[in-house]
Amino acid sequence: MEDLITYKYASPSTLIKKEGKDALFLSKYSEVSKNTEAPCFFWGDITEPFIMARCLITLSNVVKSKFSFTGAEMARLRDPIVTAGDGRIRFEGFSNCAGVYARVDVLPDALDGEFMENGTTNVDFNQPMLTSLGNIRQKENVMLSVGQKEVALYTGEGKTVERKVPLPTKWIKGLTTVQIYLSQAQEGFTFNKIETQLLFRSIPKGNIKTDYYLIRRGTMPVFTPVKSTQGICIGGINRLRLLEPLIPYIDKMQVFPHPTMQSTTWQLYFGNIRFSFSLSRDAWRGFSGEGAALENLIEDVPGEWIAAMNKYAYANQLFNPTELAMKENLSFDQVDLLTARLAAMGLLGYDLDENRFFYRRLPFKLSRIESLNPRMKGADKLIQDGKVRIVSHTPERTEARVEGSGVTHTVIFDPGRERCTCEWYSKYQGERGPCKHVLAVKKNYERIKI
């Protein structure tokens, strides 16, 4: 599988000075868009430019950080993704190891301008751009433009030109897992500014390899290495230090844990700007390898459903399952299946505060997105080669044999539990998604309709 998708842009992204302001123009590329001369996505003023600049600098620090890869891999820095639509601008990115996800939401009340088209592209944050963002002052007049050929940030500095870079496919896989975990997350603790500052001062120094737990001790939040059933488990707690530059400016912070602690999301609030920061269960685990989306790719979805959703979501920039079901004459079960499938393909993001999906028009062919799951491709090959055999099936239990490389694996489904005798299951116990043998049995089950 290719690790990178290389784009050829018609022009570079630029930061230019115009009428006393700096303008940042992001170049756009899409494999699926036929209208290459489309107008810009957004043009208007930023009402909270200083906070937006601080958040974007922190997002860039996330993108160039690494917690499990070698120095050579760290050098291959990546670029955030930017989406204009639904009355807001979203910047997203992953760490090099894909174990940290960050998103900056510039909300409608922080924008005073016009959305002329909705779209998604990727952004290059080079050092001159970061310097320009770092020079933005409180109450400074700043204008933002997100367009087809360039993205412009107007302040009072000089001109910066951004160059195109390869886009890692692991980010697309990471997006699918993150939004699934976000949609399952539960509201945890809420801390005010003082509580958050005290909490972050207590983060242990160095590269901590043991789990820590976030708890309340009396009225104060604290981190402790002592396991607590009432606490929120955090692996790789040192990764939270990426947020330290933002803490002095926040209004409050909320923590959203996954029900089984597969991730934690730390959401910082700054007036009309939000910064979301999700950590994988452990520092060595990247979201791109979690496999949370695999279950949603088992059952086939008709292409006309996806086409209908694509048209609907592009026009509305939101995904309202009830409205879509009524408009397209689909059952609620069909829409639930479609939602899961689209989320698994990275086309839907998730807002914790609104408790809803948003549409992200990725510039990729759907066939490319679907091809990024090697375990699912392995399961398909097992079925095609006739290596899956259902031994027994009742409402309480299913047992199957799956031929592997020189060994036959046993797959057993009990109520609320699935098991396999392969090495993957033995190592992860289902925490990082199902193995290809379990997927093959489930997909074969759907195909033959036992």
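1. Contact between α1 and α3. In this predicted model, Ala53, Arg54, Leu56, Ile57 and Ser60 of helix α1 meet Leu130, Leu133 and Gly134 of helix α3, where contact means heavy atoms within 4.5 Å. The residues of this contact divide into five nonpolar, two polar and one charged. Under the scheme used, Ala, Val, Leu, Ile, Met, Phe, Trp, Tyr, Cys and Pro count as nonpolar, Asp, Glu, Lys and Arg as charged, and the others, Gly among them, as polar. Helices here are DSSP runs of H or I with at least four residues, strands are runs of E with at least two, and both are numbered from the N terminus.

2. Geometry of the pair. Two packed helices are described by the angle between their axes and the distance between the axes. Helix α1 covers residues 49-63 and helix α3 residues 127-134; they pack at an angle of about 150°, with their axes 9 Å apart. The axes are lines fitted to C-alpha atoms, for helices over the stretch in contact, and angles run from 0 to 180 degrees between N-to-C directions. α1 and α3 are therefore roughly antiparallel to each other (angles over 145 degrees count as roughly antiparallel, under 35 as roughly parallel, 65 to 115 as roughly perpendicular and the rest as oblique). α1 passes α3 in a left-handed crossing, the term for a near helix turned anticlockwise from the far one by less than a right angle; clockwise would be right-handed.

3. Basis of the values. Residues are numbered from 1 along each chain as its sequence is written, and side-chain values use heavy atoms, with hydrogens and water left out. As the model is predicted, local features need pLDDT of at least 70 and side-chain atom pairs count only at pLDDT 80 or more, while totals for chains, interfaces and linings use all residues.

4. Pro49. This residue also lies in helix α1. Pro49 counts as buried at 4% relative accessibility; buried means under 20% relative accessible area, exposed over 50%, and partly exposed in between, with a 1.4 Å probe and protein chains only. Not counting residues up to four places away in sequence, Pro49 touches Ile136, Glu140 and Val142. Pro49 and Leu153 are 104 residues apart in sequence, and their C-alpha atoms are 9.7 Å apart in space.

5. Ser276 is buried, with a relative accessible area of 4%, and Ser278 is buried at 2%. The side chains of Ser276 and Gln267 are joined by a polar contact of 2.6 Å. Ser278 has a polar contact of 2.8 Å from its side chain to that of Thr265. A polar contact is a pair of N or O atoms within 3.5 Å; within protein, one must be able to donate a hydrogen and the other to accept it, and residues adjacent in sequence count only if both atoms are side-chain atoms.

6. Surroundings of the serines. With residues up to four places away in sequence set aside, Ser276 touches Tyr101, Ala102, Arg103, Trp266 and Gln267. On that basis, the contacts of Ser278 include Gly99, Val100, Tyr101, Thr265 and Phe287.

7. Ile203. This residue is in the loop between α5 (193-201) and β15 (212-217). Ile203 is buried, with a relative accessible area of 2%. Its contacts, not counting residues up to four places away in sequence, are Phe223, Ile237, Leu240 and Arg241. Ile203 and Phe223 are 20 residues apart in sequence and 7.0 Å apart in space, C-alpha to C-alpha.

8. Ala325. Helix α7 (residues 321-328) holds Ala325, which is buried at 5% relative accessibility. Ala325 touches Leu330, Phe332 and Val335, leaving out residues up to four places away in sequence.

9. Positive phi. Most residues other than glycine have a negative phi. Asp86 has a positive phi of about 60° and is found in the loop between β5 (81-85) and β6 (88-94). Phi of Asn355 is near 55°, and Asn355 is in the loop between β22 (348-351) and β23 (356-359). Asp86 is buried, with a relative accessible area of 18%, whereas Asn355 is exposed, at 57%.

10. Whole protein. The secondary structure comes to 12 helices and 27 strands. Of the 450 residues, 56% are buried. Among contacts between residues at least 6 apart in sequence, 69% join residues at least 24 apart.
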